[in-house]
Structure formats: C-alpha cells, structure tokens
Amino acid sequence: MDEEVGIRRELTEEHGDGAPGPELAAALNNQAIWLMECGRVEEAVPVSEEAVSCYRSLAERRPDAFRNGVARSLSTYSNCLSLAGRPKPALAAAEEAVEIRRRLADERPGAYLADLALSVHSLAIDLAGAGRPDEALTRAAEAVGLYRHLAEKEPTGFRHRLANSLNTYAHRLNDVGRPADALEVAREAVGLYRPLFTAEPGTFRADLAMSLDTLAGQLEETGHPEDALRAGEESVGLYRALVGQRPDAPLDDLASALTNLSRRLNTLGRPDEALAALDEVVGIRRRSVTADPLGRSRSRSLSRSRSALAGALLARMHCLCDVGRTEDAVADAAEAVELYRGLVKEDGEDLVKEDREDGDRKDGDREDANGYARGLATALSGLWLMRSRAGQAAEALATLEESIEVSGRLLGLRREEDADADSAWRPASTSASAYGEELFVLGTQLSAADRPDDAARVMRRAVTALRRPSRDGSAGPSPRLLPALSCLATYLIQAGRRIEALPVAEEATELLGDLARRDDADQSPLPAHSLWVLGCLQRNAGRREAEETLRRAVTVADALSPVGGRDVVRGLARSGLGVHLVEAGRAAEGLAHAREAVAMARELVGADPAHGRVLALMLTDLGRLLALGSSAREEAFGVSAEALAVSEQVATAGAAADEPVLVWALAHHGLRLGEAGRHTEALDVTARAVSLSRSLAARHRAAHEDHLAFALYAYARTRLLADAQREEARDAITEAAPLWRAIAKNEPGLAGPYLDVVTETHARLTTGPE
C-alpha cells in the first residue's frame with residue numbers, strides 16, 4: 001500500500017501539472033483504511049486528511065465526477081478521527097459527507113442511495129459519541145429505513161448492512177431510555193445475521209457475535225438475566241472461534257464480550273466464573289500492552305491499550321472483592337491507578353510539547369487527557385473503597401482526597417476556599433452535583449478520622465457544588481444538599497465554630513419545606529435533627545426564636561415512627577427543649593421534657609448499647625437541671641452519678657468523639673459531690689476532668705475550649721467548697737475567667753447559666769480568704 005502511494009506520487013510529479021490525480025486520491029484513501037485496520041490510527045489521520053484535500057481539489061474542477069470521492073474520503077477521515085479520540089472533528093466530517101451524499105442521492109438515487117445510507121449510519125455513531133443521543137437516534141432510524149428499502153430490492157447485497165444498522169439502532173434506542181424497543185430491534189438484527197452466518201460462517205461470524213452481545217445487553221436491561229447470559233455465552237464462543245481460526249484477529253471484541261459476560265455471571269450469583277472471565281480479560285489486555293509491535297512506547301494506540309488494561313483491572317477489582325479477596329482487589333486497583341497516573345502525566349507532557357512546537361493543540365489530545373484523568377479519578381475512587389474494606393483507614397483517606405482533587409481539576413475548580421465563590425464554577429450543573437457527591441463522601445471520611453476542620457472545609461465545598469443546580473434555574477437543589485448542610489453544621493460545631501454553624505443550620509431549615517413535599521419526608525429524621533441543631537445554636541447565641549425552633553423539632557420528631565433509631569432524634573429534641581425551658585424559668589415543663597428524653601434514651605440503650613453516648617449526654621443535662629432547684633438535689637446527685645458511669649463505659653470503648661462527653665460528666669458530678677460534702681471525691685473527679693480537657697484542647701483548642709473552661713470552673717469551685725488547695729483553685733479560675741468572657745461575648749445563651757457563679761467563684765478566690 002505504501003509502495004502504491006509512492007508510485008502514484010511520482011507519476012503525478014512526472015506527468016501531471018502538479019495537481020493530484022484521482023489515482024493518488026484513491027490510493028491515499030485506501031492507505032488510510034489499511035492503516036486503520038492495522039491499528040496505526042495516528043498515521044492514518046494525516047494520510048486520510050491528504051486524501052480529502054486531493055478529492056476537494058479534483059471536485060473543484062469536475063464536481064460531478066468527484067463529489068462522491070470527497071464524501072468517501074470524508075467518511076474515511078471521520079472514522080480515523082473517531083478512532084483517534086477526536087469526536088468533534090470526526091462529527092463535522094461525517095456531517096459534511098452526509099450533506100454531499102444526500103444531494104447526490106436526490107439527483108441519482110439508484111447510484112448513490114447506498115452511499116447515503118452508509119454515511120447516515122456512520123453519522124449516527126458519531127453523534128452518539130459526541131453526546132447527542134436524540135439526534136443519533138434520528139439518524140440511526142433513517143439509516144435503517146434506507147437499508148430496508150435497499151434490502152427489499154437487493155437482499156443479497158444489503159441484508160447484512162440492514163442487520164448492522166439495526167444493531168446500531170438498538171444501541172441508540174437504549175441510550176434514550178427505550179430498552180423494550182431496543183430489545184425487539186436487537187432480536188431482528190440477530191435474526192438477520194444467523195442465516196448469513198450459516199451460509200458464510202467465515203464472513204459473518206464476527207457480525208453475529210457482535211449482534212448477540214448487543215442482544216444480551218438488551219435482555220439484561222429488560223430483566224431477562226438467564227436469556228442474557230445465554231446470548232452472551234454464544235457471543236463469546238463465536239469470538240473464541242474467530243480467534244482460533246485467525247490468530248491475528250483483534251482481541252478487543254473478545255475482551256469486551258468477556259467483560260460483559262462476567263457481569264451477567266455475577267448478577268446470577270456465579271462470582272467464581274465471573275472472576276475467571278475477568279482473569280482472561282486482564283490477560284488479553286496485558287498482552288496488548290506488552291506486545292507493542294510497532295516499538296513505540298508512547299504511541300496513542302499503546303496508550304489506549306494501557307487504559308483498557310486499567311479498566312479491566314478495575315472490573316476484576318470488584319469481582320475479587322465480592323469473593324472475599326480484598327487484598328488482591330487492592331492490588332488491582334493500585335495497578336490501575338498507576339497506569340492512569342502514567343497516562344495523565346504523559347498526555348500532559350505531550351500537550352505542553354505541542355504547544356511549544358507549533359501551538360496547534362488538537363481537540364482529541366485534550367479529550368484523551370481528560371479521559372485519562374477521569375479514569376484516574378475512577379481508579380482512585382475504587383482504590384479508596386478497597387482500602388476502606390481492607391481496613392487501611394489512613395491510606396484510604398489519602399486516596400479519597402486525591403480522587404476528589406483530580407475530579408475538581410477536571411471540572412476546572414480551584415482547590416482552596418475560593419472555590420466556594422461562584423466565579424470558580426464553570427461546569428454544567430450535573431457535573432457540579434456529581435462532584436458535590438464526591439466531596440460529601442470525603443467530608444464524612446475526614447470527620448470519621450477526627451479532622452473536623454478539614455471535614456468542614458470539604459463539606460462547605462460540597463454544599464457549594466450541590467447548591468449549584470438550584471442557582472442556574474435548570475433544576476431544583478440536589479437531594480444531597482440538606483444532608484450536606486446538616487453535616488457541615490455538625491462539623492463546624494465539632495470544630496468549636498458554632499457561630500459559623502448557625503447560618504448553615506438556618507439554610508438547612510429553609511430547605512425543609514421542599515423536603516416536606518416529598519413522599520418519604522414524614523419518615524426522614526433529618527428535618528427534626530436539623531431543627532434540633534438550629535434550636536440549640538439559637539439558644540447558645542441567646543436568640544429568642546430558639547424555643548419556637550425546638551418546639552418544632554419536637555413536633556416533627558414525634559411524627560416519626562419509632563423505628564430505625566428515630567427515637568434518637570425524638571430524645572435529642574426533647575432534651576434540647578427541656579434545657580431551654582428550665583433555663584428560661586419554666587422548670588416543671590422543662591424537667592418533664594428532660595425526664596422523657598432520658599426515658600427514651602434508656603430504651604434505646606436497652607435495644608442497642610451503641611446509643612450509650614446519647615444516654616450519657618441526656619443524663620448529664622438532666623442532672624444539671626435538677627441541681628438548679630434546691631428540692632431535687634438528691635435526685636440530681638443520683639442522675640449525675642449514673643451519667644458519669646455511663647460516660648465512663650462509653651469512653652472505655654475507645655472512640656475519641658466520646659471523650660468530651662466524659663469531661664462534662666466528670667465536671668458536673670464533681671460539682672454534685674462538692675455540694676454533697678464529699679470533697680475528697682469531688683477534688684479527684686474534677687482533677688480528672690481538667691486533665692482530660694487539657695488533653696483534648698491540646699489536640700484541637702477551638703473545639704474543646706468550652707470543655708476546658710467548664711472543667712477549670714468545676715475544679716476551682718469544688719476546691720472553694722472544700723476550702724482546700726486554694727492556690728491551685730485560684731490558678732484554675734484565673735485561667736478559666738477569660739475563657740468564659742469570650743464565650744459570653746459570642747454565645748451569651750451558652751455562658752448565661754454559669755457566668756454569675758463563675759464570676760462569684762473568681763471573686764472569692766482572687767480576693768483572699770473570707
């Protein structure tokens with residue numbers, strides 16, 4: 001083929017006028033087709049481009065003779081560009097080819113209708129590749145209609161073309177959500193290919209295998225898994241036979257059919273067979289990478305082979321995990337990550353090199369680079385999941401962070417907090433929402449790793465992403481927005497940033513109206529939980545609307561059925577309202593709510609001891625509220641003793657998040673011990689509270705400054721009551737006083753119940769003995 005093109009060039013130069021002749025144009029077009037079939041797509045593109053140029057030159061002089069040549073070469077060029085990963089220019093070439101052939105077919109249908117059908121069919125494929133499914137369906141239907149007409153007149157020449165167009169049409173129907181119609185069309189395609197295969201097995205084996213794989217996919221889509229498996233197994237068998245007869249046959253189709261077969265085997269509960277199929281796929285993909293017959297380590301075809309190997313490894317990763325081989329799944333995911341990481345790096349270097357050399361960056365290069373980056377993000381996500389399941393918590397979290405960062409770069413987002421600004425957003429709302437989902441997962445993982453500030457930073461970015469659809473008017477807010485706002489408020493609270501959490505909680509409650517209109521809203525605990533959080537923050541801030549919010553929380557929580565842990569939020573809402581009412585001077589009503597909350601928590605712990613933390617918090621609150629009245633001191637002492645016992649038990653379990661609960665319980669029970677005259681125990685218990693709160697504050701000062709302030713106050717107060725260790729008490733209250741003043745400035749409602757007694761304790765200890 002190369003020799004023919006060379007000869008044609010020489011003849012053109014020797015005998016022509018410098019303009020290319022039809023023989024050279026045809027030879028170039030044939031050479032491009034041959035290069036494509038050999039897998040040398042990068043070389044085929046410029047050859048095909050030259051063929052188009054030659055035919056255009058010829059058509060300028062003799063349009064009637066060479067317009068079809070232009071269309072033919074454009075079709076070849078479109079195929080080359082498509083295989084090279086450049087769908088946009090491929091689509092432009094295909095559309096021009098259809099336009100030319102449509103005019104020719106109008107003029108001479110007998111001569112050019114078949115060419116038009118071929119171009120329309122190719123255009124349908126290119127439109128699908130460009131993400132235009134509705135237009136692709138229209139063109140696919142047109143191609144089927146044209147081939148039906150041709151096959152009626154000349155069955156022998158066009159029945160196989162009709163079958164091929166039906167196969168494409170089935171895919172396009174499925175793309176637009178019409179699987180039942182796609183199934184019928186796929187059945188017709190197989191029905192046409194079977195007799196053709198029977199008559200000429202060597203010619204139509206691959207075509208029948210392809211149509212059976214398509215049929216299997218549609219059977220799977222429409223809920224016929226056993227039939228899908230049978231069709232898939234037949235497809236794989238035909239591809240195996242093809243490879244057996246032609247050792248040089250491309251293995252991509254066999255690998256794809258095996259991948260699809262493995263999924264169907266897994267669906268039917270046959271994971272070992274599914275894994276065996278994927279082992280074979282990985283072997284095929286690995287051989288295509290290591291072979292590199294052209295010896296070009298950075299060729300685009302080899303890059304695609306490496307990408308295909310990475311995809312096979314990720315498919316096997318899931319199957320390995322399903323059969324309990326988690327460590328092997330981690331290894332496959334890690335190898336896929338490294339493959340994609342190398343591809344992203346190489347493509348980035350190539351783009352920079354092209355910019356420097358000629359400034360002509362190809363669209364396909366950018367598309368390939370983005371495709372590999374998307375693959376890297378997917379592989380990192382898979383590696384995170386496998387490492388999580390393997391118990392590799394630290395490695396999993398680092399992997400997830402990298403995955404989110406790669407996804408952000410794909411969307412053109414900045415990493416730091418300025419990504420919250422609208423100016424940082426350029427992606428479509430659906431992309432932003434998907435990115436927000438990923439950020440949501442990362443935020444929850446960071447919170448689980450006891451990194452509340454990082455969790456809040458990431459969750460704020462998630463909120464920005466998830467809020468995006470509602471701001472451009474194209475859709476309502478993401479269903480994940482309310483949970484993200486709720487988590488953000490929680491993480492800010494955990495980080496000691498309650499003032500920042502308040503407007504976040506307010507926005508969450510604004511979305512409750514939308515949630516209430518959903519069918520399942522009455523059984524979601526999230527609205528009640530969001531109202532409880534907001535009410536508590538409003539109480540801390542000294543806001544008068546706190547009582548109304550907390551009463552709403554109780555009302556919404558009471559409407560929940562008592563299943564699935566929903567009594568947790570019912571108890572929290574009641575406890576929050578009880579605290580507010582007692583501090584507002586309505587002790588009887590408030591204590592009734594607080595006691596009911598404790599009763600709910602006891603039932604929860606009886607059913608599931610994991611709820612011990614909730615019981616400890618509610619007992620501590622109830623004990624404090626009872627101690628405010630002189631008539632219930634004995635009951636307050638008993639409740640606070642129980643709160644400490646439960647808190648000790650919870651903290652012993654080892655969760656870092658439960659240590660602040662123990663600080664509160666120690667400090668409060670220390671005060672009750674001091675009031676009961678059991679000073680030795682009181683001094684010991686409050687010393688433990690201070691020690692633990694200092695340890696917490698050393699890890700995260702802002703998150704635990706209020707715990708330290710209260711523990712220091714309790715430490716000083718018990719020593720004042722015992723008239724012991726006055727110097728240590730004076731140091732403690734001197735350290736605590738500015739902390740309480742800062743709390744009172746920002747959160748007067750939180751400091752209010754304690755500020756007078758803290759001030760009094762400070763005055764008595766710093767002015768000397770009475």
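1. In this predicted model, T168 lies within helix α8, which spans residues 155-175. Is T168 buried or exposed? Its relative accessibility is 7%, and because the cut-off for a buried residue is under 20%, T168 counts as buried.

2. Which residues does T168 touch once its neighbours within four places in sequence are set aside? The contacts of T168 are then with H121 and I125.

3. As regards secondary structure, the protein has 33 helices and 0 strands. Helix α8, in which T168 is found, comprises residues 155-175.

4. On burial and surface, the protein has 770 residues, of which 50% are buried; T168 is one of the residues that count as buried. The accessible surface of the protein amounts to about 34600 Å², and carbon and sulfur atoms contribute 50% of that area.

5. On contacts across the sequence, consider those in the protein with a separation of 6 or more: 62% of them join residues 24 or more positions apart.

6. On confidence, the mean pLDDT of the protein is 86, with 87% of residues at 70 or more. In residues 293-298 the pLDDT is below 50, and this stretch makes 12 contacts in the model beyond near neighbours in sequence. The pLDDT is also below 50 over residues 351-366, a stretch for which the model shows 17 contacts beyond near neighbours in sequence. Where pLDDT is low, predicted coordinates should not be read in detail.

Notes
Residues are numbered from 1 along each chain as its sequence is written. This is a predicted model: local features need pLDDT of at least 70, side-chain atom pairs count only at pLDDT 80 or more; totals for chains, interfaces and linings use all residues. Side-chain values use heavy atoms; hydrogens and water are left out. pLDDT is the predictor's confidence in each residue, from 0 to 100. Contact means heavy atoms within 4.5 Å. Helices (H or I, at least four residues) and strands (E, at least two) are DSSP runs, numbered from the N terminus. Buried means under 20% relative accessible area, exposed over 50%, partly exposed in between (1.4 Å probe, protein chains only). Accessible areas come from the Shrake-Rupley method with a 1.4 Å probe; for residues, only the protein chains shown count as cover.
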